[in-house]
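Student: I'm new to reading protein structures. Please pick one part of this model and take me through it closely, step by step.

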Amino acid sequence: MKLSRDHLTIKAHSYLSKWPLGFKIAKKIFSNTTIHQSVQHAIRNHNLASSQAPRPTDNKQIADQKSGHWDHHVQLVESKVLKGWLDWEFIEVEHIRPNLSGSKSIYYLQHFFSEHLPNMPVKKALSLGCGGGNLERALIHLNAAELIEAYDASPESIRLAKELAEENNLTDRLKYAVCDINKIELQENSYDFIVAKMSLHHFENFDHIYQQISRALKPGGVFMFNEYVGPTRFQWTDLQLSIANRLLQALPKKYRFSAFNNLPLDEIHRPTIQEMIDMDPSEAVNSNDIMPKLKLYFDVIEHKKYGGTILHLLMNHIMANFDTTNEFDVALLKMIFLQEQVLIENNVIDSDFCYVVAKAKS
């Protein structure tokens with residue numbers, strides 16, 4: 001199939017965005033040229049076409065749209081072309097790890113193993129919302145389980161996960177299947193641990209899901225997740241937006257270019273509900289329920305907050321503007337991290353992201 005010039009331009013734009021410094025250099029070279037104008041034209045047409053796409057009218061169409069979104073995006077997510085604030089190594093090492101494990105050198109899986117899985121490998125584990133399978137491959141390489149079963153609603157995600165498992169000679173230890181997690185039925189007393197990494201906020205029916213997880217865990221088994229638990233459909237509070245925008249506006253202009261369009265960012269806005277649904281019907285669909293519902297079915301044995309209440313809003317846009325080898329840039333970033341941390345520690349704002357380990361109630 002022959003691709004249109006606009007489609008090729010969008011793909012090239014996405015490809016270049018993997019290298020933020022090179023992207024900035026290219027923008028500087030081609031700014032206000034016909035090449036720059038072509039890129040902006042293609043992006044506008046792409047966004048317009050997306051906004052005019054027919055909206056689903058029934059449950060099946062909505063389900064198809066949800067899985068279709070991830071069918072389209074899983075390759076970009078797995079290859080880190082779609083790079084969110086959590087994907088930056090500097091933020092991981094300097095902010096997230098110290099909040100989760102107390103050490104820059106210990107990431108959350110290592111912490112989970114040392115605190116909650118003293119006898120590895122366990123017999124069998126389960127991963128919910130596995131995407132392209134990076135978590136399961138990591139768990140096997142770390143010898144956390146002899147066998148891991150994993151489910152996702154996206155057929156393309158499962159196809160890719162199986163393909164990558166085969167490439168890594170892991171097909172005897174990784175078993176993938178397409179499944180609507182909201183309707184999942186799990187066998188009783190089957191798993192030593194169950195994990196979800198940045199997938200719970202795409203689920204809706206937490207009463208059913210938590211009941212199934214609870215019954216599927218073996219005696220002494222644990223449920224662990226690393227997750228966004230903030231406002232449903234990113235309906236950020238006025239206080240969140242105010243703090244994020246005041247920090248943004250205090251920065252020199254060179255740090256205020258948005259990664260989404262490479263243009264100066266003057267203000268971060270709250271998306272509308274319809275914009276969120278159009279982008280991804282499952283995005284943060286019931287995220288407000290994750291923690292309250294959890295406590296009905298589980299006893300929380302570890303709960304580590306690592307923010308994102310401000311950093312998520314801010315760094316998704318501007319992290320690419322910082323040079324983490326530059327002392328001044330590093331100091332600016334650490335000051336922003338500290339600002340959020342102090343506000344959370346003093347209960348001015350809550351943490352939108354957390355790591356949790358829980359056991360089923362007796």
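Tutor: Happy to! The secondary structure of this protein comes to 14 helices and seven strands (DSSP runs, numbered from the N terminus: helices are H or I with at least four residues, strands are E with at least two). The model is predicted, so local features need pLDDT of at least 70 and side-chain atom pairs need 80 or more, while totals for chains, interfaces and linings use all residues. Residue numbers start from 1 along each chain as its sequence is written, and side-chain values use heavy atoms, with hydrogens and water left out.

How confident is the prediction? The average pLDDT is 85, and 77% of the residues score at least 70 (pLDDT is the predictor's confidence in each residue, from 0 to 100). Residues 1-11 fall below 50, with eleven contacts beyond near neighbours in sequence (contact means heavy atoms within 4.5 Å). Residues 13-57 are also below 50, with 36 such contacts. Where pLDDT is low, the predicted coordinates should not be read in detail.

Now to our part. Helix H13 covers residues 311-318, and helix H14, residues 327-345, packs with it at an angle of about 160 degrees, the axes being 11 Å apart (axes are lines fitted to C-alpha atoms, for helices over the stretch in contact, and angles run from 0 to 180 degrees between N-to-C directions). H13 and H14 are therefore roughly antiparallel, a label for angles over 145 degrees. From H13, the contact uses Leu-311, Leu-314 and Met-315; from H14 come Leu-333, Ile-336, Phe-337 and Glu-340. That makes six nonpolar residues, one charged and no polar (nonpolar: Ala, Val, Leu, Ile, Met, Phe, Trp, Tyr, Cys and Pro; charged: Asp, Glu, Lys and Arg; polar: the others, Gly among them).

H13 has another partner: H10 packs with H13 at about 40 degrees, with axes 9 Å apart. Here Gln-240, Leu-241, Ala-244, Leu-247 and Leu-248 of H10 meet Leu-313, Leu-314 and Ile-318 of H13. This contact counts seven nonpolar residues, one polar and no charged. Leu-314 takes part in the contact with H14 and in the contact with H10.

Let's follow the chain on from H10. In the loop between helix H10 (238-250) and helix H11 (273-279) you will find Asn-262. Its phi is near 60 degrees, a positive value in a residue other than glycine. Most residues other than glycine have a negative phi. Asn-262 is buried, with a relative accessible area of 9% (buried is under 20%, exposed over 50%, partly exposed in between, with a 1.4 Å probe and protein chains only).

For contrast, look at Asn-189, in the loop between strand E3 (174-178) and E4. Phi of Asn-189 is positive too, near 50 degrees, but Asn-189 is partly exposed at 43%.

How does our part sit in the whole? Of the 362 residues in the protein, 46% are buried. Among contacts between residues at least 6 apart in sequence, 80% join residues at least 24 apart. Elsewhere, helix H9 (residues 206-216) has buried residues including Phe-206, Ile-209 and Tyr-210. The buried residues of H9 pack against several elements, among them strand E1 (122-128), strand E5 (217-228) and helix H12 (290-297).

Notes. Angles under 35 degrees count as roughly parallel, over 145 as roughly antiparallel, 65 to 115 as roughly perpendicular and the rest as oblique.
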